[in-house]
Amino acid sequence: YLQLPADLTKMHLTDNPHPQVTHVPSSQSGCSIASDSGSSSLSDIYQATESEMGDVDLTGLPEAPVDSEDEEEEEDEDIDRTSDPLLGRDVVRECLEKEPADKTDDDIEQLLEFMHQLPAFANMTMSVRRELCSVMIFEVVEQAGAIILEDSQELDSWYVILNGTVEITYPDGKTESLCMGNSFGITPSLDKQYMNGVVRTKVDDCQFVCIAQQDYWRILNHVEKNTHKVEEEGEIVMVKEHRELDRSGTRKGHIVIKATPERLIMHLIEEHSIVDPTYIEDFLLTYRTFLTSPLEVGNKLLEWFTVDSLRDKVTRVVLLWVNNHFNDFEGDPAMTRFLEEFEKNLEDTKMKGHLRLLNIACAAKAKWRQITLQKPSRDSPLFFSLLGGSDKGFGIFVETVEMGSKAAEAGLKRGDQV
């Protein structure tokens with residue numbers, strides 16, 4: 001994300017946002033899990049499985065960005081380049097100072113990256129934030145102690161603090177301080193509204209963005225047209241938001257912004273919108289926050305694999321899962337068994353190309369480890385069996401491991417190469 005401009009880093013985000021931050025009803029708000037990462041890992045993996053004849057293209061399993069040291073180094077370089085306070089100040093300030101009619105798509109995206117970090121915008125959907133960024137006006141009050149709003153003054157704007165601190169003195173003498181990211185002013189209504197108390201700056205160089213009442217009401221009260229609710233048995237189980245990624249209207253569609261855990265799992269095998277191409281990757285990265293066990297996903301995938309029309313999609317999900325998050329399987333015996341069962345299903349259905357890709361991914365992601373087994377005597381059983389050797393023409397692999405044995409407790413697994 002863009003770093004805060006130098007003159008916006010003086011204040012810390014407050015623990016509790018101003019009550020007016022939560023104007024958007026919960027049914028109209030949500031947190032997007034959309035990723036900006038590319039979907040090349042999905043398309044590349046699956047490209048290699050289009051034909052099961054001949055050699056499989058081994059370039060179909062790229063290193064996942066979350067596991068790649070090279071990617072991390074590149075990201076660090078990007079952060080270094082954007083952490084220049086002067087650069088950050090120039091980029092955001094320049095976008096803010098433009099008139100709404102002069103803001104380009106790039107300007108709005110820059111503002112969107114910055115504004116979504118502020119508490120005032122936290123409970124709003126992406127489309128609402130984007131609309132607000134397109135109409136906001138930038139204002140600066142240079143002197144401390146300047147009165148911004150008088151008591152009983154008619155309100156005509158919604159204000160969000162970008163830098164500095166303001167104090168509201170209420171008629172009963174109570175005071176409240178608002179810092180960066182907090183909001184004050186009108187609520188989303190066209191009714192006449194009046195200020196209750198006096199708002200004044202507490203420090204020099206206070207900076208705000210202002211959104212006119214008409215625009216604020218229009219954007220927040222028309223959010224329903226941009227959402228699609230999926231109902232099952234009279235209850236809402238998923239909310240999708242309509243998004244347009246450019247003003248030409250060529251890249252538009254619905255993106256999932258919230259849903260029940262069961263419905264999120266189901267969406268893995270449903271068609272994904274052009275504006276939500278990385279849903280599977282995003283789900284596999286975040287499911288730990290709302291599911292107690294990965295087997296909840298694994299068991300559903302095994303169940304869906306038995307359906308011919310879903311088999312192709314299930315295989316895509318598993319290949320991505322193994323390629324991007326192999327530690328989910330390597331460190332969990334139950335998930336290892338899931339992988340073995342899925343492998344057997346691929347064999348039974350003669351999906352040789354997919355099976356080869358799965359084996360390649362597992363081999364590429366596996367890590368070296370040392371296991372020590374102690375035997376009380378030379379004749380004691382090993383509780384595991386081996387396969388292969390020089391006479392077989394390939395390496396030595398663990399074929400079986402007795403469940404609950406010392407070998408299993410030590411971490412030996414079927415498929416380990418010695």
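User: Is Thr-125 buried or exposed?
Analyst: In this predicted model, local features need pLDDT of at least 70 and side-chain atom pairs count only at pLDDT 80 or more, whereas totals for chains, interfaces and linings use all residues. Residues are numbered from 1 along each chain as its sequence is written, and side-chain values use heavy atoms, with hydrogens and water left out. Buried means under 20% relative accessible area, exposed means over 50%, and partly exposed lies in between (1.4 Å probe, protein chains only). At 2% relative accessibility, Thr-125 therefore counts as buried.

User: What distance separates the C-alpha atoms of Thr-125 and Thr-227?
Analyst: Thr-125 belongs to the loop between helix 4 and helix 5; helices (H or I, at least four residues) and strands (E, at least two) are DSSP runs numbered from the N terminus. Thr-227 is 102 residues away from Thr-125 along the chain, and the separation of their C-alpha atoms is 9.5 Å.

User: How many of the ten residues of helix 5 are buried?
Analyst: Helix 5 covers residues 126–135 and is largely enclosed by the rest of the structure. Its buried residues include Met-126, Arg-129, Arg-130 and Cys-133. They pack against helix 4 (105–115), strand 1 (137–141), strand 3 (157–163), strand 8 (206–212), helix 6 (213–221) and strand 10 (235–244), where contact means heavy atoms within 4.5 Å.

User: Which residues of helix 8 are buried?
Analyst: Six of the eight residues of helix 8 are buried, so this helix is largely enclosed by the rest of the structure. By name, the buried residues are Tyr-279, Ile-280, Glu-281, Asp-282, Phe-283 and Leu-284.

User: Why is the pair of Tyr-287 and Trp-321 edge-to-face?
Analyst: The structure holds 14 aromatic pairs; rings of Phe, Tyr and Trp (its six-membered ring) pair if their centres lie within 6.5 Å, and planes under 30 degrees apart count as stacked, over 60 as edge-to-face and the rest as tilted. The ring centres of Tyr-287 and Trp-321 are 5.8 Å apart, and the pair is edge-to-face because the angle between the planes is 75°.

User: Which parts of the chain does this pair link?
Analyst: Tyr-287 and Trp-321 are 34 residues apart, and the parts they link are distant: the loop between helix 8 (279–286) and helix 9 (295–305) for Tyr-287, and helix 10 (residues 308–324) for Trp-321. Both residues are buried. The parts linked are thus that loop and helix 10.

User: What is the angle between the planes of Phe-329 and Phe-338?
Analyst: These two residues form a stacked aromatic pair, 6.2 Å centre to centre. Phe-329 counts as buried at 2% relative accessibility, as does Phe-338 at 3%. Both belong to one aromatic cluster whose members include Tyr-287, Phe-305 and Trp-321. The angle between the planes of Phe-329 and Phe-338 is 15°.

User: Which residues do salt bridges that share partners join into one network?
Analyst: Among the 13 salt bridges in the structure, Glu-232 and Arg-263 form one with their closest N and O atoms 3.3 Å apart. Arg-263, buried at 12% relative accessibility, also meets Glu-270 in a salt bridge of 3.0 Å, N to O. Glu-232 is partly exposed at 41% relative accessibility, and Glu-270 is partly exposed at 24%. The network joins Glu-232, Arg-263 and Glu-270.

Methods. Salt bridge = Lys/Arg side-chain N within 4 Å of Asp/Glu carboxyl O.
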